[in-house]
Amino acid sequence: MQFSFPDGNAIRVNCRDSAALLDAVRRRLAEGRGFAIATINVDHLQRLGEDPRFRAAYAAHDLICADGNPIVWLSRIAGRPVALAPGSDLVLPLAAEAARAGLPVALIGSSDESLALAARSMQAAAPGLRVALTRAPGFPFDPAGPEADDIIDSIRASGARLCFLALGAPRQELFAIRARDALGGAGFASIGAGLDFLSGHQRRAPQWLRRLRLEWLWRMLSNPRRLFWRYAKGFAILPGHMGRALALRARTPGARRQP
């Protein structure tokens, strides 16, 4: 599934599901290849349409999966179906991959307290996991500023090979590309609130709401002042993307069943 923009940048969801993503991560860790993971949702899609820096950074990501049911629905309309693979659900499986490979990880973002609690949860779920670095940047974090330089140096010194970024979009995706290119052999996973969910600093929607595809409603109601207009802007762009998805399907007779 691909989303194209007028400036020529294209964002391709190139991981069909979480299993495909984890398989790609496993290979890259074993080969010592750096990578950046993005998890696209409607909020990101709306921001991508407005922010050329964000588009360029997103297009440079190695692995992209669908972190939102509207992305899954658009992929089906286009005849290129992908499965839901939320970033929050990927944290522990990615940690398990690092633990199995004996590779240290870094946790970047959120707060010192939340990172410490998240590290404990990850180590309990993935025995043998070594958390080599935790770092909570100041706010607002500038992914191109001196603090970002210092964090990259800290990651290098720690030896971390997989870094979980909980900096919020677009900061985490911008930083991921800069750090991946600077370090070469480290992987970066932008997982938003995933660490805060693990630490208990944010409460995730109950499983039954997630099964009903209503996690977005839970999140919006938990912080309507911050999230109402974000979701409204996201939903406003969906008709246009639905039209483009239908056009994509029409241009490709017998549209393939893979992303």
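Reply: The accessible area used here comes from the Shrake-Rupley method with a 1.4 Å probe. The model is predicted, and in it the chain exposes about 11,900 Å², of which carbon and sulfur atoms supply 54%. Of the 259 residues, 49% count as buried.

The overall form can be described next. The secondary structure comes to 13 helices and 8 strands, and the C-alpha trace spans about 50 × 40 × 35 Å along its principal axes. A compact globule with 259 residues would have a radius of gyration near 18 Å, and the chain, with 18 Å, agrees with this. Among contacts in the chain with a separation of 6 or more, residues 24 or more positions apart account for 73%.

Now to the rings themselves. A pair of aromatic rings is described by two things, the distance of the centres and the angle of the planes. Rings pair if their centres lie within 6.5 Å, and planes over 60 degrees apart count as edge-to-face; by this rule the count comes to 3 aromatic pairs. In one of them, the rings of phenylalanine 141 and phenylalanine 175 have centres 5.7 Å apart and planes at 75°, so this pair is edge-to-face. Phenylalanine 141 sits in the loop between β6 (131–135) and α7 (146–158), while phenylalanine 175 belongs to helix α8 (residues 171–183), so their pairing ties together parts that are 34 residues apart in sequence. Both phenylalanine 141 and phenylalanine 175 are buried.

Phenylalanine 175 also pairs with phenylalanine 188: here the centres are 6.4 Å apart and the planes stand at 85°, so this pair is edge-to-face too. Since phenylalanine 175 lies in helix α8 and phenylalanine 188 in strand β8 (residues 187–190), the pair ties together parts that are 13 residues apart in sequence. Phenylalanine 188 is buried, as is phenylalanine 175. Taken together, ring pairs link Phe141, Phe175 and Phe188 into a cluster, with phenylalanine 175 taking part in the pair with phenylalanine 141 and in the pair with phenylalanine 188.

For a residue that is not buried, consider serine 18, which is found in helix α1 (residues 18–31) and counts as partly exposed at 30% relative accessibility. Leaving aside neighbours within four places in sequence, serine 18 is in contact with Ala85 and Leu90. Serine 18 and leucine 90 are 72 residues apart in sequence, yet their C-alpha atoms are 7.4 Å apart in space.

Notes:
Residues are numbered from 1 along each chain as its sequence is written. This is a predicted model: local features need pLDDT of at least 70, side-chain atom pairs count only at pLDDT 80 or more; totals for chains, interfaces and linings use all residues. Side-chain values use heavy atoms; hydrogens and water are left out. Rings of Phe, Tyr and Trp (its six-membered ring) pair if their centres lie within 6.5 Å; planes under 30 degrees apart count as stacked, over 60 as edge-to-face and the rest as tilted. Helices (H or I, at least four residues) and strands (E, at least two) are DSSP runs, numbered from the N terminus. Buried means under 20% relative accessible area, exposed over 50%, partly exposed in between (1.4 Å probe, protein chains only). The radius of gyration is taken over C-alpha atoms; the globule rule is 2.2 Å times the number of residues to the power 0.38. Contact means heavy atoms within 4.5 Å.
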